[in-house]
Amino acid sequence: LLQSGIVLCKLLVKIVPGTDIQIDNLQAGNLMTKRKNISLFLQAAADYGVPENLLFKPDDLAVQAHFYRVTRTLFAFAEVTNMDPDYTGPEFDFDKIIKELMNKGIRRKSSIQ
């Protein structure tokens with residue numbers, strides 16, 4: 001469901017009430033359907049305030065071309081929620097997340113080996 005864009009749309013609708021994404025009309029299916037769903041999320045995320053240069057492209061997720069870009073967009077989206085006075089969910093704390101991961105021994109793989 002993540003690859004289809006449906007989970008991302010559901011997340012966005014939950015965090016940004018009033019978004020005009022019709023969750024009940026979303027379908028998982030072929031590549032074109034996935035791209036459409038993902039594009040809905042990306043447009044709504046941009047409207048919410050995620051900078052354009054931090055948004056991934058639909059194929060980065062739909063065909064898992066560049067998943068790190070998807071992660072970058074989600075982190076940026078979470079940071080925008082921290083600046084939204086109407087958002088009442090849990091606070092996103094990047095530094096705390098990284099510290100917890102490091103304490104668990106999870107490290108980013110270096111591209112230089």
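L11, I15, T71, L74, F75, F77, A78, T81, Y87, P90, E91 and F92 line the second largest pocket of this protein. A pocket here is an open set of points on a 1 Å grid over the protein atoms alone where a 1.4 Å probe fits, with protein on both sides within 12 Å along at least five of seven lines, and lining residues have an atom within 4 Å of a point. The model is predicted, so local features need pLDDT of at least 70 and side-chain atom pairs count only at pLDDT 80 or more, while totals for chains, interfaces and linings use all residues. Residues are numbered from 1 along each chain as its sequence is written, and side-chain values use heavy atoms, with hydrogens and water left out.

Let's stay with the pocket. Its volume, the space filled by probe spheres set on the points, is about 210 Å³. Helix α4 (67-83) and helix α1 (6-15) each give at least two lining residues, and α4 has the largest share, with 6. Helices are DSSP runs (H or I, at least four residues), numbered from the N terminus. By type, the lining has 9 nonpolar, 2 polar and 1 charged residues.

T81 is buried, at 5% relative accessible area; buried means under 20%, exposed over 50%, and partly exposed in between (1.4 Å probe, protein chains only). Setting aside neighbours within four places in sequence, T81 is in contact (heavy atoms within 4.5 Å) with I15, Y48 and Y87.

Now for the core. In soluble globular proteins, nonpolar side chains tend to be buried together. A nonpolar core is a set of buried Ala, Val, Leu, Ile, Met, Phe, Trp, Tyr and Cys residues joined through side-chain atoms within 4.5 Å. The largest one has 23 residues, of which L12, F41, A45, V50, F56 and F77 touch the most other members. Helices α1, α2 (31-48), α3 (58-62) and α4 each supply at least two of its residues, and the largest share, 6 residues, belongs to α2.

Finally, the structure has 2 salt bridges, each a side-chain nitrogen of Lys or Arg within 4 Å of a carboxyl oxygen of Asp or Glu.

| Salt bridge | N to O distance |
|---|---|
| R35 and D59 | 2.6 Å |
| R69 and D60 | 3.7 Å |

R35 is in α2 and D59 in α3, so this pair ties together parts 24 residues apart in sequence. R69 is partly exposed at 25%, whereas D60 is buried at 4%.

Conventions
Nonpolar A, V, L, I, M, F, W, Y, C, P; charged D, E, K, R; others polar.
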